[in-house]
Amino acid sequence: MSWYANHYFQMVIVSLLVPVMMEAHLVVWEGVSEFVAVAEAESFTAAANRLEISTAQVSRQIGALEARLGVKLFYRTTRKVSITESGQVYYNHCRQVLDGLAEAERAVTDLNQSPKGRLNMTAPVTYGESRVAPLINDFVVLYPELEVTLTLTNQMVDLVAESYDLAIRLGELNDSTMMARRLASRTHYTCASPAYLAAQGAPYTLSELEEHNCLKGTLDTWRFQENGKPRHIRAQGTVRCNSGWSLRDAALKGIGIIQLPDHYVRADIEEGRLVPVLESFCAPNDGIWAIYPHNRHLSPKVRLVLDHLSAGLGKTEDMSATKVGAAG
């Protein structure tokens with residue numbers, strides 16, 4: 001047989017097989033919607049009403065499906081329909097497939113929709129005021145049909161119970177029941193004013209912190225890293241306050257050394273009002289996270305605001321690294 005004849009023969013075979021294969025795939029789907037509806041309604045009549053078809057058609061499709069699978073899917077009596085063990089296994093898989101199809105349709109539809117409606121979110125007070133709120137305001141300018149409620153609190157709120165779409169969290173995450181997306185990072189700086197360092201000298205080892213006035217916040221220890229391992233040093237000093245801005249003010253006035261996240265002290269370091277110390281012992285950066293309830297399908301508004309926050313906070317992080325590095 002010549003090459004042309006062989007090629008023509010192959011094309012004929014393919015043209016005959018493709019419709020058969022497509023038809024076979026269609027047969028596999030027959031009865032699935034009816035089966036799932038009966039399994040969930042526990043009634044052929046209720047399933048028929050839900051699908052807006054006749055009860056006879058539902059019964060016929062279920063019968064054909066059982067014949068094709070070779071198993072009994074339901075126990076039927078005059079009063080009750082209950083699913084069999086084989087039916088339960090089949091239902092679990094079919095439900096996932098139908099959910100996936102619904103999600104695919106929503107995802108495609110969402111591509112052409114602008115976010116609208118209510119968006120409820122929460123963030124820590126100081127970080128929310130300085131970083132999150134300005135970005136959210138920019139987002140509202142882009143999508144004026146949104147109604148945004150941004151609650152700034154340092155309390156760990158229950159997102160599901162209090163109907164939040166998402167929350168901004170800093171540092172380590174403890175709630176494993178939520179989905180999380182890392183938006184950016186933050187650095188903790190240990191620093192003091194030039195006047196304090198001129199009078200007291202700068203610490204060059206972690207043990208030398210014992211000789212200095214360490215201004216504490218809500219935590220008793222400061223985070224460092226030494227020889228690749230985390231170190232927690234108990235800070236001792238004459239001032240303790242649960243406000244980062246107050247501690248910053250105390251450091252600017254030469255009272256002592258502070259350890260605070262970059263959004264408190266970045267500008268002061270850039271302008272030389274504060275000077276970083278113990279930089280070689282700096283702990284790894286913390287994560288800045290968006291967490292949201294476990295949901296396989298994100299609405300357009302949540303997905304877009306996550307992208308917006310990630311772009312904005314990541315840009316701020318890059319600028320900080322460049323400027324602080326240049327100043328140091």
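Trainee: Why is threonine 153 called buried?

Mentor: Threonine 153 has a relative accessible area of 18%, and buried means under 20%, exposed over 50% and partly exposed in between, with a 1.4 Å probe and protein chains only, so threonine 153 counts as buried. This is a predicted model, in which local features need pLDDT of at least 70 and side-chain atom pairs count only at pLDDT 80 or more, while totals for chains, interfaces and linings use all residues. Residues are numbered from 1 along each chain as its sequence is written, and side-chain values use heavy atoms, with hydrogens and water left out.

Trainee: Which residues is threonine 153 in contact with, leaving aside its neighbours within four places in sequence?

Mentor: They are Thr122, Ala123, Pro124 and Val125, where contact means heavy atoms within 4.5 Å.

Trainee: How do you know that glutamate 147 and arginine 118 form a salt bridge?

Mentor: A salt bridge is a side-chain nitrogen of Lys or Arg within 4 Å of a carboxyl oxygen of Asp or Glu, and the closest N and O atoms of glutamate 147 and arginine 118 are 3.8 Å apart. The pair links distant parts of the chain, with glutamate 147 in strand β4 and arginine 118 in strand β3 (residues 117–123), 29 residues apart; strands here are DSSP runs of E with at least two residues, helices are runs of H or I with at least four, and both are numbered from the N terminus.

Trainee: What makes arginine 118 exposed, and what is glutamate 147 called?

Mentor: Arginine 118 has 59% relative accessibility and therefore counts as exposed, whereas glutamate 147, with a relative accessible area of 49%, is partly exposed.

Trainee: Why are the buried residues of helix α3 said to be on the same side?

Mentor: The buried residues of α3 (residues 44–51) are Phe44, Ala47 and Ala48. They cover an arc of only 100 degrees around the axis, which puts them on the same side of α3; the arc is that of the directions from the helix axis to the C-beta atoms. An α-helix has 3.6 residues a turn, so residues three or four places apart point the same way.

Trainee: What covers the buried residues of α3?

Mentor: The cover includes α2 (32–41), α4 (55–69), β1 (74–76) and β2 (81–83).

Trainee: Why is valine 97 called partly exposed?

Mentor: Valine 97, which has its place in helix α5 (residues 85–110), has a relative accessible area of 38% and is therefore partly exposed.
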